[in-house]
Amino acid sequence: FIQMLRSAKKRDVLQLLKRVPEEMLPFVVEAAVAAQSVASLAALSDFLDFGKEPKSLLEKFLYAAAFSPQPSGELLRLVLDKLDGKQLAPEVQETGIVAMGSLIGKLCQQKLCGLQEVERGVETILRGLRGAEEESEVVIYLLALGNAVLPETIPSLLDHAEEGPATVTTAAISALRRFPAWHISGKVKQAMRRIFHEKRKSYEKTCRLAAAEILLDNEPSPMDVINILLAANELETETATFLLLKVQNSLRADHHPARKVMKDIMRDPRINNYNFFSKAGISSSFSGPLTVTQDLLSTFGLDLLFLEGGFLRKSVSDFSLFSHGRRLHAAQVTIEAQGMESMLGENVLEGQEEPELMAGMSAIFFDVQLRPIVFFQGYTDLMAKVLLSSGEPTSVVKGNLLLMDHHQVIPLQSGLQVAIKLQGGLGLDISADMDVSIWEQELKTSINTRGSLAIDFQAELDAPFLQATLRSQTEVETSIQFDTILRFSGSPVLMCLQLREEQVPYR
């Protein structure tokens, strides 16, 4: 369908968009974005009215742009023009900002940072960040900078990481974690040390742990590792347990940049002893390989951080691919619940502000940070959701994306040429649900991921005296459901984790 659209005129694409049945329209919009021809982008520009179209269709258009494997300056200009100076629904505005960041990052990877559209996009994000008044707005602009991965924005991210409230600090640190190791300079590490060791002010535990992870994951110095381990002795049981498990994970993982330093430190019996590593919390951190080949390592990681009273504070499930020193976040889903201490009758530590009651989720797919989703914010909202719950899961992302788009002509020694085309499309449907039952004192979370990948490969030899074509098509479907159930009516807190994977058909 994409190949057909690439050879179509603007008039034909526009007519198709206007006449196609409503249920097929999102598919055609996604395909027109993926085609990225001058005609298809011009047709989309005429067809999409951001004032009238339903939110779901506009989000589909923006996510299709964000996931585009090799976007053009024209695609970024189309997104900028559609978002510029309009009063939009908050969901569309936020999706547009993170999509803008993703497009800027991918254009810079193609050495197109000097384009006028890129400069305009960067200025739009930075201006928005300076003018943002609400915390939620600041967070969105910081996540967009994380998608863009521009080294010149690091000072701004550091400033927000050190000075902002907890949610802003978390967003700024998660944006910094997207940068490759060579951008994590001494200045960045110094700021992370100040946050972890609370040199200037007190920070929320998840912010301190995120700062420690940046230090441990980016060629750490032996002194940093020793200081983090020593500090773990002063932390609350759950936070210390989580941190020490992170350190032990890096010892087990062959690919981890801190492994050699850790092994050297662990030779010292003053650190590697029972007193240090016998924290009895229920928090856990696990990471292990799924596939190992000469060129590729794929890993699955699961982090669970609990409050002292046994309530789940944060869970992160992560599927990553490592190849030749680079990392791709294939999928990372984070579910957070904060402010639950007061509901459980726990006291907040002295000097720390009591966080607002909130539960939400954020996700990264194929290195694109999506718009965060809030399940509930504040006690009134929670009660409304409990009493008026529809039982329907919240859709995180749903659509069809072009992941690979490669065209190459290879000259052979015989003087002939072979033309190679490779395209890969992904159908994705991810939904999440969080259900809090006050009466039964239960918390249930569920993440459902369904995906199908189709890859089309074609090699064509075309000469006056012979023609040969080799074609291969591959399809794979998968479905993974991750559920957690927490019952906190008694002590100890009961917990059930379930990871269900359906049979994977591969054709």
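Colleague: Where is L328 found?

Modeller: In strand 4. Helices (H or I, at least four residues) and strands (E, at least two) are DSSP runs, numbered from the N terminus.

Colleague: And what does L328 touch?

Modeller: Not counting residues up to four places away in sequence, L328 touches F319, S320, L321, F366 and D367. Contact here means heavy atoms within 4.5 Å. L58, in contrast, is 270 residues apart from L328 along the chain, with 27 Å between their C-alpha atoms.

Colleague: What about R327, what is it in contact with?

Modeller: R327 is in strand 4 too. Leaving aside neighbours within four places in sequence, its contacts are D318, S320, L321, F322 and D367. With a relative accessible area of 39%, R327 counts as partly exposed. Its C-alpha atom is separated by 9.6 Å from that of S298, 29 residues apart along the chain.

Colleague: Is T334 buried or exposed?

Modeller: T334 is buried, because its relative accessibility is 10%. It sits in strand 4 (residues 326-338). Beyond the neighbours within four places in sequence, T334 is in contact with K314, S315, V316, G360, M361 and S362.

Colleague: Switching to charges, how many salt bridges are there?

Modeller: The count comes to 32. A salt bridge is a side-chain nitrogen of Lys or Arg within 4 Å of a carboxyl oxygen of Asp or Glu. Side chains of opposite charge can pair when their charged atoms come close.

Colleague: Which residue does R313 pair with?

Modeller: R313 forms a salt bridge with E336, and their closest N and O atoms are 3.0 Å apart. Since R313 lies in strand 3 (residues 312-323) and E336 in strand 4, the pair ties together parts that are 23 residues apart in sequence.

Colleague: Are R313 and E336 buried or exposed?

Modeller: R313 is buried, and so is E336.

Colleague: What does D456 pair with?

Modeller: The side chain of D456 meets R471 in a salt bridge, at 3.0 Å from N to O. This pair links distant parts of the chain, with D456 in strand 10 (residues 442-462) and R471 in strand 11 (residues 467-487), 15 residues apart. D456 is buried, because its relative accessibility is 16%.

Colleague: And E475, which side chain does it meet?

Modeller: E475 meets R507 in a salt bridge (3.1 Å, N to O). E475 is in strand 11 and R507 in the segment after strand 12 (494-501), so this is another link between distant parts of the chain, 32 residues apart. At 38% relative accessibility, E475 counts as partly exposed.

Colleague: Which residues are linked in a network of salt bridges?

Modeller: R177, E213, D217, K246 and D303.

Colleague: OK, new topic: why does P411 count as exposed?

Modeller: Because its relative accessible area is 59%. P411 is in strand 8 (residues 394-411). It touches L416 and Q417, not counting residues up to four places away in sequence. P411 and K205 are 58 Å apart in space, C-alpha to C-alpha, and 206 residues apart in sequence.

Colleague: Last one: what is the mean pLDDT of the protein?

Modeller: The mean is 87, and 95% of the residues reach 70 or more; pLDDT is the predictor's confidence in each residue, from 0 to 100. Where pLDDT is low, the predicted coordinates should not be read in detail.

Conventions:
Residues are numbered from 1 along each chain as its sequence is written. This is a predicted model: local features need pLDDT of at least 70, side-chain atom pairs count only at pLDDT 80 or more; totals for chains, interfaces and linings use all residues. Side-chain values use heavy atoms; hydrogens and water are left out. Buried means under 20% relative accessible area, exposed over 50%, partly exposed in between (1.4 Å probe, protein chains only).
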